[in-house]
There are 4 protein chains.
Amino acid sequence: MAMVCLSDFEAYAKKYLPKIAWDYFAAGADDCNTRDENILAYKRIHFRPRMLRDVSMMDIRTKILGTEISFPVGIAPTGFHQLAWPDGEKSTARAAKAMNTCYIASTYSTCTLEEISAAAPGGLRWFQLYIHRNRATSQQLVQRAEALGFQALVLTTDVPYTGKRRDDIRNGFCLPPHMKLKNLERDFEVCKMSLLDPSVTWNDIYWLQSLTHLPIIIKGILTKEDAELAVRHGVQGIIVSNHGGRQLDEGPATIDALVEVVEAVRGRVEVYLDGGIRKGSDVLKALALGAKCVFIGRPTLWGLAYKGEEGLRDVLRILQDEFRLSMALAGCARVSEIGRHLVQFSKL
Amino acid sequence: MAMVCLSDFEAYAKKYLPKIAWDYFAAGADDCNTRDENILAYKRIHFRPRMLRDVSMMDIRTKILGTEISFPVGIAPTGFHQLAWPDGEKSTARAAKAMNTCYIASTYSTCTLEEISAAAPGGLRWFQLYIHRNRATSQQLVQRAEALGFQALVLTTDVPYTGKRRDDIRNGFCLPPHMKLKNLERDFEVCKMSLLDPSVTWNDIYWLQSLTHLPIIIKGILTKEDAELAVRHGVQGIIVSNHGGRQLDEGPATIDALVEVVEAVRGRVEVYLDGGIRKGSDVLKALALGAKCVFIGRPTLWGLAYKGEEGLRDVLRILQDEFRLSMALAGCARVSEIGRHLVQFSKL
Amino acid sequence: MAMVCLSDFEAYAKKYLPKIAWDYFAAGADDCNTRDENILAYKRIHFRPRMLRDVSMMDIRTKILGTEISFPVGIAPTGFHQLAWPDGEKSTARAAKAMNTCYIASTYSTCTLEEISAAAPGGLRWFQLYIHRNRATSQQLVQRAEALGFQALVLTTDVPYTGKRRDDIRNGFCLPPHMKLKNLERDFEVCKMSLLDPSVTWNDIYWLQSLTHLPIIIKGILTKEDAELAVRHGVQGIIVSNHGGRQLDEGPATIDALVEVVEAVRGRVEVYLDGGIRKGSDVLKALALGAKCVFIGRPTLWGLAYKGEEGLRDVLRILQDEFRLSMALAGCARVSEIGRHLVQFSKL
Amino acid sequence: MAMVCLSDFEAYAKKYLPKIAWDYFAAGADDCNTRDENILAYKRIHFRPRMLRDVSMMDIRTKILGTEISFPVGIAPTGFHQLAWPDGEKSTARAAKAMNTCYIASTYSTCTLEEISAAAPGGLRWFQLYIHRNRATSQQLVQRAEALGFQALVLTTDVPYTGKRRDDIRNGFCLPPHMKLKNLERDFEVCKMSLLDPSVTWNDIYWLQSLTHLPIIIKGILTKEDAELAVRHGVQGIIVSNHGGRQLDEGPATIDALVEVVEAVRGRVEVYLDGGIRKGSDVLKALALGAKCVFIGRPTLWGLAYKGEEGLRDVLRILQDEFRLSMALAGCARVSEIGRHLVQFSKL
């Protein structure tokens, strides 16, 4: 089976992963409308490609928070990589480093932050966290991440409670006994039920800032109002995200919400996006609409399911090649040439 | 079979109810476009969810006509509950009371109002009525309902004649011989043909007001013009409804008509809605667009078909949980925080 | 098999007619987009139904060119009724008279005008004609029709050449040897090829007027420009028609074109419509948008295919009942109460 | 099997061509959205047909760059005609000449330009070229074409790199050993990899002009900005094209881009289009929106696959008949009567 595009990896993962794991990764909230809209919304955005530009020397590198990455696609935080591949997040860390991009490690990793760091020393990594009812837990995680060289904190804001994912309920989803949420030293059921604090507000950003020198990126923003609040509370970046459609169903597709957020932010902080990226031209559209970089969630897991580190490198390399080709065919030789003029929204 | 969401109950009812009963409950007028649009219209409304609000203490209670209910979902009037479950409307009354919400009992009940009252003493109940050719019939029903403690009258206005439901015609639908329209002491065929008065006009509201001290709620309003007339004629509430798409096909979806009605009413009376509610986030959208409460029709019958009172409680509890979760994920801790800002209409 | 709605007749005809006949009646030009759009366009028009109007005394009669008909649905001109039923147009004439409506007899009838007249003496009939290369042929037809008591002439304008109907070409469609275009005393192949004059222009209206005292109705108008020209050339009526989607594919649906034509005509002549009428509420929509009456083409043939005169009466009676019911449920007791306010175009 | 419309030829080719050849001709980039949109976009354009025009004398001839052709449809440049029919481009040249239209021969022909010229002496032909890394190659091709009587050069601008066509990758597409890119005396793999120069810019137009007296037509323009640049750089014509959806996926359909380009060009040069033409009415729409002529790509190959020269003549004759009929039914007797007023964009 030739692995030509990301949907080849998806088909592989669906075929070879245990059903309960596939269902967990694939799950969306309720009717899965937002999960699917994340993808469909890209089809309503058309390119306005320009011809006869010199695209012989392509440069697809970019910088996020000042650090160069090989192309504007990083690894979004997703949990339980051991469900996809035995080495779990260690493979993810190695692939991200090999491809010279950023890996946002999840609180819900099945490897410790220390294992992740040791697997790929010097790799660019950010740490995704929640604010726990027990603030000491959060504080310790932040300090461990900072000590290990993680270069930013990504605060997830859209999980005051877990979204309703019907298949997980039907399957009675839980982690196999030999996997643990190693960073929390707890099992998943406990975490799901009680660890996260639904009383968190914008003021807790100040508390988080008081714990660390790391830049704070806020993940889960979908409106201009919240984008403005994020900037005012001093965050360094925003990830436009709807948690892959796993939390509130029937919110906006992220590529649609991006427009509103970018407009509100007016360049004051970097804006990123996750959700629905399936080919290189999706990345190009997101950048044209103002994203500095995008992150891939489910495709990461498909790559791992295919061949661990090597599979994820394949996924990233395909996206890289597609992104470079899309840029060239649209008439851009450098990331800085990508702009709003490159796309238009379909009237349909 | 796990009952996770309302469509699980629908699938159960379709599988286990006699075809003629399923068809009757499922029927829409003509091509069933309005029945289906009631549901599809929700997909065109997107949330604008807000993050980092304190949603640790969720309060989903509301009041309708001054009476508190546990959450803004009641039981819409539907006929012939014995077709779904042997105990019929007695089970419905018990479930509604157990869940502390409002049950609008239908004139076309297969239990008497007295049986319904006795089944769940003290429950919040409204009585749905038509105006009959023989006004004495209507008058007696109103007076019985008032005497039994029903707290409002719901006048259905969209049945001057019965809509054309093709499957019912093909099936030759009629009630089984052992079921009766007990409140009318007639059989269904007689009622369908001749009881209702198609000459009713707005002036009959005054006549109805003269019979009772109960508040009058008008059901079946779909336009701003009629909403204005309703307010001017002194009703206490409006239910935006198209009779589940069973009367005039190709009128508006109720969630679309709601916007127009709410705007016309300008807060002078409470506005409710039925039609197409299938998950908790539908309730949230209706409230965001100005409904004070919504009512469920077919899901009531699916719950009864599953396990009578217990099944209907399951349906209500699922909706309650989903509604609470949707509110929290959209950033609202109290019903009073829900507002128009929370939703936007998709351009598609 | 219960015949409940018009699509039941369609299914019957598709099942029992010879394939070549079914294909001929069903045919649309090219990809059949316009044929199908004629129907789909109605789904994008929603009612704004009004409640609590006195609809106890329903009056669905109307007048066309001053003559009363039982309801605003007549028989559109279609050819070759003997392909559907042995008695052909004689059955059609009898059914139309029995139902007290107007029958527009086609030039391409398989019965003579004399036979049609004799079959249903006193029925309201109009005669549809083309302008032939041999003007004497047209002149004689006009004079025969006038002498036989036909009350108007309907000039078809959209067939300078026959549209490309792929299935007819594949089937090698022609009339069976025992059928003739009796009014022309020719066989169909000859007619199709050479009789009609593609050089006809607006000036030929004057010539036609010089031949007859009958009112002239022009059929096939789809634009405001042509509607204005029709009025200026002194016609008495316009039928908005695209020939059932059998001529130019991808022109407008007739219900969409109606709006433009009605607006241009400003009440100076009566405007009718054919194409896509499949249920009573379609009739109501057309009238709400300004049509004085609509005409049914394919449903006529389905009725004939079912049971000849009786089958067509069934079709008309179903439409009549559905139209009356739609009117009542929309809050109109008389045709004169139907107006533009009753409908809105869906944004979708 | 009757060949009635172009999709009959498509079905034939899909059935009888080797899969690898069919896949190559059918291929679109990535998800094939643009390939499919090229066709779907025509469905959103409706005619506004006019009646009672004298269409007895139809004249469908037009001129491109001053040379008369029998109707406004030419042969777009496509490669590897021997994959479809043994005689390859020689058959194409003969069919185009027989039908008195223009054939744009591709650089990637499997016959030499000399063979093509000899096959149909005196036929109207243009030569499609790329700018090669080795400019001498381009120069020699231009001079050969000019010497052989080709009447214009068509510079393809949308292939700085080859688009990603998934099926070709899966199939490992390459030319069979007995076929060669005869004009380049190289095999296809070499060409695909390294011949074309991705550093080409607008200045190279001046270089090309310095080599030849032939008019230069630029192919691949999709935006008003590039249209303006093309005019300013002195080209004689523009072909609005997205390479049949084979290069950048999710750019605009060509019929949509045509509007923008025509508006920008303001008649200063001729504008043509390729992509998605499947029936005569598509041609009429493109002309109504300002194209002087359209070109067919895949239908050319289907015609060749069916019966070589004869098959392609069949395809062209069908398009010719359909175009003439569409014009007549829309009320136009001459190409000069076709205009913007004839079409409207559907709101859907």
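How do H6(B) and H9(B) lie relative to each other: roughly parallel or oblique?

Reply: The model is a predicted one, and every value below is computed from it. Two packed helices are described by the angle between their axes and the distance between the axes. For helix H6 (residues 135-147) and helix H9 (residues 203-211) of chain B, the axes come within 10 Å and cross at roughly 45°. Angles under 35 degrees count as roughly parallel, and 65 to 115 as roughly perpendicular. H6(B) and H9(B) are therefore oblique to each other. The crossing in which H6(B) passes H9(B) is right-handed. On the side of H6(B), the contact is made by Arg135(B), Ser138(B), Gln139(B), Val142(B), Gln143(B) and Glu146(B). H9(B) contributes Asp204(B), Trp207(B), Leu208(B) and Leu211(B).

A pair in chain A may be set beside this one. Helix H4 (residues 89-98) and helix H13 (residues 298-330) of chain A pack at an angle of about 20°, and their axes are 8 Å apart. H4(A) and H13(A) are therefore roughly parallel to each other. H4(A) passes H13(A) in a left-handed crossing. From H4(A), the residues in contact are Ser91(A), Thr92(A), Arg94(A), Ala95(A) and Ala98(A). Among their partners on H13(A) are Thr300(A), Leu304(A), Gly308(A) and Leu312(A).

An α-helix has 3.6 residues a turn, so residues three or four places apart point the same way. Helix H9 (residues 203-211) of chain D has the buried residues Asp204(D), Ile205(D), Leu208(D) and Leu211(D). These residues cover an arc of only 115° around the axis, which puts them on the same side of H9(D). Asn203(D) and Ser210(D), on the other side of H9(D), are exposed. The buried residues of H9(D) are covered by elements of chain D that include strand E6 (125-129), helix H6 (135-147), strand E7 (153-156) and E8.

Leaving out residues up to four places away in sequence, Gly163(C) touches Arg246(C) and Gln247(C), together with Leu325(D) and Leu329(D). Other pairs of chains show no such meeting. No contact joins chain A and chain C, and their closest C-alpha atoms lie 10 Å apart. Chain B and chain D do not touch either, with their nearest C-alpha atoms 10 Å apart.

Helix H10 may be considered in two chains. In chain D, H10 (residues 224-232) has the buried residues Asp226(D), Ala227(D), Glu228(D), Ala230(D) and Val231(D). Their covering includes strand E8 (216-221), strand E9 (237-240) and helix H11 (254-265) of chain D. Just after H10(D), Gly234(D) takes a positive phi of about 80°. In chain C, Ala230(C) is found in helix H10 (residues 224-232). With a relative accessibility of 0%, Ala230(C) counts as buried. Apart from neighbours within four places in sequence, Ala230(C) is in contact with Trp202(C), Ile218(C), Val235(C) and Ile238(C).

Ile238(C) leads on to the nonpolar cores. The largest nonpolar core has 114 residues, and those with the most contacts inside it are Ile238(C), Phe323(C) and Ile338(C). Helix H13 (residues 298-330) of chain C supplies the largest share of this core, 16 residues. Not counting residues up to four places away in sequence, Ile338(C) touches Leu284(C), Leu287(C), Ala288(C), Phe323(C), Met327(C) and Cys332(C). Apart from this core lies another, of 113 residues, which includes Trp22(A), Leu222(A), Ala288(A) and Cys332(A).

Methods
Residues are numbered from 1 along each chain as its sequence is written. Chains are lettered from A and ligands numbered from 1 in the order in which they are written. This is a predicted model: local features need pLDDT of at least 70, side-chain atom pairs count only at pLDDT 80 or more; totals for chains, interfaces and linings use all residues. Side-chain values use heavy atoms; hydrogens and water are left out. A nonpolar core is a set of buried Ala, Val, Leu, Ile, Met, Phe, Trp, Tyr and Cys residues joined through side-chain atoms within 4.5 Å. Buried means under 20% relative accessible area, exposed over 50%, partly exposed in between (1.4 Å probe, protein chains only). Helices (H or I, at least four residues) and strands (E, at least two) are DSSP runs, numbered from the N terminus. Contact means heavy atoms within 4.5 Å. Axes are lines fitted to C-alpha atoms, for helices over the stretch in contact, and angles run from 0 to 180 degrees between N-to-C directions. Angles under 35 degrees count as roughly parallel, over 145 as roughly antiparallel, 65 to 115 as roughly perpendicular and the rest as oblique. A crossing is left-handed if the near helix is turned anticlockwise from the far one by less than a right angle, and right-handed if clockwise. The arc is that of the directions from the helix axis to the C-beta atoms.
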